[in-house]
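Please walk me through this model.

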Amino acid sequence: RGSASCRRSMVWYRLKELQKQHRFDLVIFAGGSLFMNYFAGMINLIIRRFALSRTKVIFHACGMSTLDEDAIYLLRQVLASRKVVSISLRDSYDRFVELFPTKAKVMKTYDTALNCSRLYVGSQEKTCTLGIGLIDRCYDQQLSLIRYFLGRDIRWKAFTNGSPYDWEYAAKLLADAGIPEEQLETYLEKRPETVQELIDTATGFEKIVAFRMHCQIVAASFGVPSFGFAWDKKIAEFYNKLGFSQGYTEGTGNFDAMWKILQQYEPEIHDRVLKQGEDSRICLIEAIAQASGEKYKD
């Protein structure tokens, strides 16, 4: 992984070499919680690397997370640049506008990954009734959740989005819940290492409850009923945009009520998901057209 300064040096050098070989007209930051402490320095570096070229920059379907004063300062420096021609937010729009004055057009949109069912094929069979998506935090909530389903006549299995840290944490949670090591494979899916493996995992369940937002997005794209634990505001905003505000909790939650809510997941929710994915796709196409000075073409 290396230090932050080491990673920045490597990226700066790689971009410099690429610019020697190619001319870039456009840089697209293609979504995710990019406006956060972890990425602020790298975003600043990438945009500064292209500052003296004719390259334009688009941020599409981005979200926000924890930002300290240093990160806000770094992002303000580059987001005010004339290089940045378009910014669309999947969440935290009001907070972004308040923090970052910019010359760019700033819009609301939806997460790009809502389109994954257009590009990938989901699992052809349901291997389990319920998938429990775990994360490397929220220990008490997750332990209570596992113990609840251990005491129910429901066929379930835990899974992660693919992070090694999540998977190791999940294994510890299951052990703490009383599951013997030799039974771990019975209760925990193999760690996904590709996008297709994550999609196969999430769509192999009839329903999911999860902490990581992107497995909830994958499930929504394929019409798999999902329930979220809103340890971050972006999860609450995701479900509110779907018109399924009862589909998440900000606390430990009433697990009996949660299970009933999952039975109420209606086809209309999936229809809204598909429309939002299409809106996100068109938003990006229009931003690219604007940056190139052309009219919108699908």
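Helix 10 meets helix 11 through Met 213, Gln 216, Ile 217 and Ala 220 on one side, and Lys 234, Ile 235, Phe 238 and Tyr 239 on the other. The residues of this contact divide into six nonpolar, one polar and one charged. The model is predicted, so side-chain atom pairs count only at pLDDT 80 or more.

Now the geometry. Helix 10 covers residues 213–221, and helix 11 covers residues 233–241. They pack at an angle of about 15 degrees, and their axes lie 10 Å apart. Angles under 35 degrees count as roughly parallel, so helix 10 is roughly parallel to helix 11. The crossing of the two helices is left-handed.

Next, Asn 115. It sits in the loop between strand 5 (105–108) and helix 5 (116–119). Is Asn 115 buried or exposed? Its relative accessible area is 9%. The cut-off for buried is under 20%, so Asn 115 is buried. Leaving aside residues up to four places away in sequence, Asn 115 touches Ser 221, Gly 277, Glu 278 and Arg 281. Of these, Ser 221 belongs to the range of helix 10, residues 213–221.

Last, the cysteines. How many disulfides does the structure hold? The number is zero. Cys 128 is buried, at 7% relative accessibility. Its closest cysteine sulfur is in Cys 215, 15 Å away, which is too far for a bond. A disulfide needs two cysteine sulfur atoms within 2.5 Å. Cys 138 is in no disulfide either. For Cys 138, the nearest cysteine sulfur is that of Cys 215, 13 Å away.

Methods: Residues numbered from 1 in each chain as written. Predicted model: local features only at pLDDT ≥ 70, side-chain atom pairs only at ≥ 80, totals over all residues. Heavy atoms only, no water. Helix = DSSP H or I, 4+ residues; strand = E, 2+ residues; numbered from the N terminus. Buried < 20%, exposed > 50% of the residue type's maximum accessible area, 1.4 Å probe, protein only. Contact = heavy atoms within 4.5 Å. Axes fitted to C-alpha atoms, helices over the stretch in contact; angles between N-to-C directions. Parallel < 35°, antiparallel > 145°, perpendicular 65-115°, else oblique. Left-handed = near helix turned anticlockwise from the far one by under 90°. Nonpolar A, V, L, I, M, F, W, Y, C, P; charged D, E, K, R; others polar.
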